Protein chains: 2
Amino acid sequence: MIPNSNKSASRKTRPTRNTPQLNLSGTGMRMTSQRALILEIVRQGHFDADEVYRRAREKMPRISLSTVYRTLHNLKKRSLIEELHFDEEHHHYEVKPSTEHHHLTCLSCGRVIEFQYPLARLIKRNVTEARDFEITETELRVSGYCARCREKGK
Amino acid sequence: MIPNSNKSASRKTRPTRNTPQLNLSGTGMRMTSQRALILEIVRQGHFDADEVYRRAREKMPRISLSTVYRTLHNLKKRSLIEELHFDEEHHHYEVKPSTEHHHLTCLSCGRVIEFQYPLARLIKRNVTEARDFEITETELRVSGYCARCREKGK
DNA sequence: CTCAGTGCAAAAGCTTTGCATAATA
DNA sequence: TATTATGCAAAGCTTTTGCACTGAG
């Protein structure tokens, strides 16, 4: 159902050691099955800790919530994932994108659409207050109502 | 200080009932001393519930934390204040601004600078994904290091 | 073989809720 | 006076932490 991560499909040599998704080598973190799983889940969407936990348990029933929290915390500390702040509850996570990207949220259906837009540059150029700042991050949250929901009556 | 909503400017009839700061009349909420105080505090900056509570207690030692939470919750529900989502802990609140404004946060000293910039318009024009959206809110968080902190060694 | 990572359970924060009392409209 | 709001205390959630055991390197 989910694109498989361990596929040494037709290879018969020894499995290459590059981890399927994100690679932890060089970060000082050991790669464990739990971490691989959590990373794989975070790659699939924006989830909060509890949702990651629920999904993880489907494949690894004995994984603990503390491991989820600790792993998310560690990955964030090493900048491998990012913490997002939606209007809703708590934090959501996603693997760190290489380019600036932002979020458009429909307040009616909850759909979240990602888009890219180079705002740092623009802000630095046009906002006096930001001129002397060394900008390391920008996060734009835009909310409103998507076309689909607007048509659908109301 | 705030453009008054109930204006009987030079009328000399009975004392107008406008509350000093934000006006709750017409919202169905009763004006109590606690709410006046909380509103006054929120006007002073971006605080989380606990900080509002600490400040409120200086003037009204017996105010309860639940009242703070309930009041913030009610004000938010009626859109008199807004909930902000910084990187840090929990929610912060501020009185609802009339124009789009955003936040620049120094990761070193924690200073938060507000600035205005009409992003909705720009996003709607330039981002395909947003074209069919009816945008009701935009919140941009920019973080980095302010000039002051960058000079200060490191 | 070592030390980082895990699971479990308990603790710690933050936020909400029930209920009797106090205060507003 | 009729409600609505408050204070207090207790409950509910989410997140963190201590510890002994397990497993990656």
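Ala49(A), Val52(A) and Tyr53(A) of helix H2(A) touch Leu65(A), Val68(A), Tyr69(A) and Leu72(A) of helix H3(A). By class, this contact of H2(A) with H3(A) has seven nonpolar residues, no polar ones and no charged ones. The model is a predicted one. Chain A and chain B also meet, with 38 residues of chain B in contact with 38 residues of chain A. The points below take the helix pairs, then the interface, then the salt bridges.

**Helices H2 and H3 of chain A**

- H2(A) covers residues 49-59, and H3(A) covers residues 65-77.
- Their axes come within 9 Å and cross at roughly 125 degrees.
- H2(A) and H3(A) are therefore oblique to each other, since angles of 65 to 115 degrees count as roughly perpendicular and those over 145 as roughly antiparallel.
- The crossing of H2(A) past H3(A) is right-handed.

**Helices H1 and H2 of chain A**

- The axes of H1(A) and H2(A) come within 10 Å, with a crossing angle of roughly 125 degrees.
- H1(A) and H2(A) are therefore oblique to each other.
- Their crossing is right-handed.
- On the H1(A) side, the contact is made by Leu37(A), Ile38(A), Glu40(A), Ile41(A) and Val42(A).
- On the H2(A) side, Val52(A), Arg55(A), Ala56(A) and Lys59(A) take part.
- Sorted by class, the contact of H1(A) with H2(A) has six nonpolar, no polar and three charged residues.
- Val52(A) of H2(A) meets H1(A), and Val52(A) is also among the residues of H2(A) that meet H3(A).

**Helices H1 and H3 of chain B**

- H1(B) spans residues 33-44, and H3(B) spans residues 65-77.
- The two axes come within 10 Å and cross at roughly 70 degrees.
- H1(B) and H3(B) are therefore roughly perpendicular to each other.
- H1(B) brings Gln34(B), Arg35(B), Ile38(B), Leu39(B) and Val42(B) to the contact.
- H3(B) brings Thr67(B), Val68(B), Thr71(B), Leu72(B), Asn74(B) and Leu75(B).
- Six residues of this contact of H1(B) with H3(B) are nonpolar, four are polar and one is charged.

**The interface of chains A and B**

- Chain B and chain A bury about 3,300 Å² between them.
- Of that buried area, 62% lies on carbon and sulfur atoms.
- Two salt bridges are found across the interface of chain B and chain A.
- Arg141(A) and Glu139(B) join their side chains in a salt bridge, at 3.0 Å from N to O.

**Salt bridges**

- Over all chains, the structure holds ten salt bridges.
- One of them joins the side chains of Glu40(A) and Lys59(A), at 3.7 Å from N to O.
- This pair links distant parts of the chain: Glu40(A) sits in helix H1 (residues 33-43) of chain A and Lys59(A) in helix H2 of chain A, 19 residues apart.
- Glu40(A) and Lys59(A) are also among the residues that make the contact of H1(A) with H2(A).

Notes: Residues numbered from 1 in each chain as written. Chains lettered and ligands numbered in written order. Predicted model: local features only at pLDDT ≥ 70, side-chain atom pairs only at ≥ 80, totals over all residues. Heavy atoms only, no water. Axes fitted to C-alpha atoms, helices over the stretch in contact; angles between N-to-C directions. Helix = DSSP H or I, 4+ residues; strand = E, 2+ residues; numbered from the N terminus. Parallel < 35°, antiparallel > 145°, perpendicular 65-115°, else oblique. Left-handed = near helix turned anticlockwise from the far one by under 90°. Contact = heavy atoms within 4.5 Å. Nonpolar A, V, L, I, M, F, W, Y, C, P; charged D, E, K, R; others polar. Buried area = accessible area lost by both parts, 1.4 Å probe. Salt bridge = Lys/Arg side-chain N within 4 Å of Asp/Glu carboxyl O.
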